[in-house]
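Open the model in your viewer and switch to a cartoon view. The stops below can be selected one after another.

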Amino acid sequence: FINTAVGDERVIVDPAPGTTRDCIEIASTVAGKSVLLIDSAGIRRPRSVQHYLEELSVIRAIKAIGSVDVAVMLVDAVDGMVQQDERIAGMVLHRGRGLVIGLNKWDRMRKVRLEEYMRSIYALGEYLNFVPAVPLSALTGWNVGELFKAAFAVSEALGARISTSRLNRFLSDIVAKHPPPRSGGRPVRIYYVAQTGMNPPAFSFVANRPDAVTENWRRYAAAQLRQAFGFNGVPLKLRFRPKKRTSHP
């Protein structure tokens with residue numbers, strides 16, 4: 001994939017697992033943008049790791065996740081995604097990094113529709129349904145450019161700043177469609193929301209009873225944020241806090 005992307009044989013390619021042991025950094029220009037690509041070792045299931053050197057390679061690969069803006073998880077489309085891939089995706093998002101899935105060897109999937117294939121991916125974990133997945137062929141270069149477009153979009157979304165006025169119009173809309181459920185017979189009200197961080201984007205919601213906001217409503221709010229502001233492939237941090245009391249002298 002990297003050799004095709006940079007147009008040069010920069011890394012060794014071999015069908016045997018464990019060829020890449022150290023993380024290799026390659027500075028290049030892709031689609032007119034300067035990028036630093038990091039080629040890491042593949043992370044196989046723990047029971048498949050049989051040698052100490054490969055175990056060290058996996059540790060280095062996991063450590064490298066923390067140093068990137070966007071991780072591209074290449075999946076062999078023929079073999080399909082497995083639970084280990086889902087765990088790696090969760091690891092990337094948990095560390096606050098952007099994620100794009102590359103479905104490699106798609107040129108060998110002639111009779112498979114992408115929509116059907118994606119349903120099998122989303123079945124592995126509900127959070128995967130907001131991660132962009134791009135079919136490609138690293139061998140021929142087909143659609144590699146589209147994957148970088150997706151990665152650049154995720155990178156921009158990581159650093160996006162949404163104005164408070166837009167966020168509160170958004171909040172009014174989603175509460176009107178699906179208000180937080182009552183708790184103990186008492187209403188749960190969300191007063192306003194503001195963005196409090198970037199890389200990854202963080203949002204603070206002010207509520208009368210923040211502890212009573214259900215996990216389902218939190219997931220609903222996150223999904224609506226992604227849909228409204230294009231946060232695909234981006235982990236979001238949502239915090240619900242009480243309204244500050246005004247002290248009187």
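**Stop one: a lysine and its partner**

Select Lys33, which is partly exposed with a relative accessible area of 36%. Bear in mind that the model is predicted. Lys33 belongs to strand β2 (residues 33–39) and Glu156 to helix α5 (residues 144–158), so the pair ties together parts 123 residues apart in sequence. Glu156 counts as exposed, at 55% relative accessibility.

**Stop two: other salt bridges**

The structure holds four salt bridges. Glu146 is partly exposed at 37%, whereas Lys149 is exposed at 54%.

Next select Arg113 and Glu115, a salt bridge with the closest N and O atoms 3.9 Å apart. Arg113 is exposed at 52%; Glu115 is partly exposed at 46%.

**Stop three: the sheet**

Show strands β3, β4 and β5, which form an open parallel sheet in that order. β3 (70–76) and β5 (133–135) each have a single partner strand, so one side of each is left without a neighbour in the sheet. Seven bridges join β3 to β4 (residues 98–104). Select Met73 to find Ile101 of β4 opposite.

α3 (residues 83–94) lies across β3 and β4, at about 175° to β3. α4 (residues 114–122) lies across β3, β4 and β5, at about 125° to β4.

How values were computed
Residues are numbered from 1 along each chain as its sequence is written. This is a predicted model: local features need pLDDT of at least 70, side-chain atom pairs count only at pLDDT 80 or more; totals for chains, interfaces and linings use all residues. Side-chain values use heavy atoms; hydrogens and water are left out. Two strands pair if DSSP finds at least two bridges between them. Helices (H or I, at least four residues) and strands (E, at least two) are DSSP runs, numbered from the N terminus. Contact means heavy atoms within 4.5 Å. Axes are lines fitted to C-alpha atoms, for helices over the stretch in contact, and angles run from 0 to 180 degrees between N-to-C directions. A salt bridge is a side-chain nitrogen of Lys or Arg within 4 Å of a carboxyl oxygen of Asp or Glu. Buried means under 20% relative accessible area, exposed over 50%, partly exposed in between (1.4 Å probe, protein chains only).
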